[in-house]
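Me: I would like to learn how to read a few features from a structure, beginning with the exposure of a side chain. Could you take me through them one at a time?

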Amino acid sequence: MSPPARGGQWRIEVNRRVCAGAGLCLGTAPGLMRLDTGRGRPVHDLIAPDDAVADAAEVCPTQAITVRDAATGEVLAPLSR
C-alpha cells in the first residue's frame, strides 16, 4: 500500500551496500529507477510524489530503497520500517 500523495517533493534513497540488484524496482517504477553497476539507483534523487516509487520501496527484497518527504525527512516508504 502506497503512502498518500502529498504536495512538494519526495527524495529517493538507495543503500547501494544493501541492494542486491534484483531489479524489481525497475519493473515497479519504470523510468524512476535504473541499474548502475548492478545496483539500483534513482534516475533523479528528487521527484514529484509518485506511488510507483513508493511501491518499489515496498517490494524491494532487501529494503534498500527509502522514500522520504524532501522537506521534512519523514519516511514515506517502505511502511514496514
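Me: Is Glu13 buried, partly exposed or exposed?

Reply: Buried means under 20% relative accessible area and exposed over 50%, with partly exposed in between (1.4 Å probe, protein chains only); Glu13, at 28% relative accessibility, therefore counts as partly exposed. This is a predicted model, in which local features need pLDDT of at least 70 and side-chain atom pairs count only at pLDDT 80 or more, while totals for chains, interfaces and linings use all residues. Residues are numbered from 1 along each chain as its sequence is written, and side-chain values use heavy atoms, with hydrogens and water left out.

Me: Which side chain meets that of Glu13 in a salt bridge?

Reply: Side chains of opposite charge can pair when their charged atoms come close. A salt bridge here is a side-chain nitrogen of Lys or Arg within 4 Å of a carboxyl oxygen of Asp or Glu, and the partner of Glu13 is Arg68, at 2.9 Å from N to O. The pair links distant parts of the chain, since Arg68 lies in strand S5 and Glu13 in strand S1, 55 residues apart; helices (H or I, at least four residues) and strands (E, at least two) are DSSP runs, numbered from the N terminus. Arg68 counts as partly exposed, at 25% relative accessibility.

Me: How many salt bridges does a search of the whole structure find?

Reply: The search finds 2, and in one of them the side chains of Asp36 and Arg41 meet at 2.9 Å, N to O. Asp36 is partly exposed at 24% relative accessibility, as is Arg41, with a relative accessible area of 27%.

Me: In what order do the strands form the open sheet?

Reply: Strands of a sheet pair through backbone hydrogen bonds, either parallel or antiparallel. Two strands pair if DSSP finds at least two bridges between them, and here 4 strands form an open sheet in the order S4-S1-S5-S6, with antiparallel pairing. Strands S4 (46-47) and S6 (75-77) stand at the edges, each with a single partner strand, so one side of each is left without a neighbour in the sheet. S1 (residues 10-14) is joined to S4 by 2 bridges, and Trp10 stands opposite Ile47 in S4.

Me: Which residues does Ile12 touch, leaving aside those up to four places away in sequence?

Reply: Contact means heavy atoms within 4.5 Å, and with that exclusion Ile12 touches Met33, Pro42, His44, Asp45, Ile47, Val53, Ile65 and Thr66.
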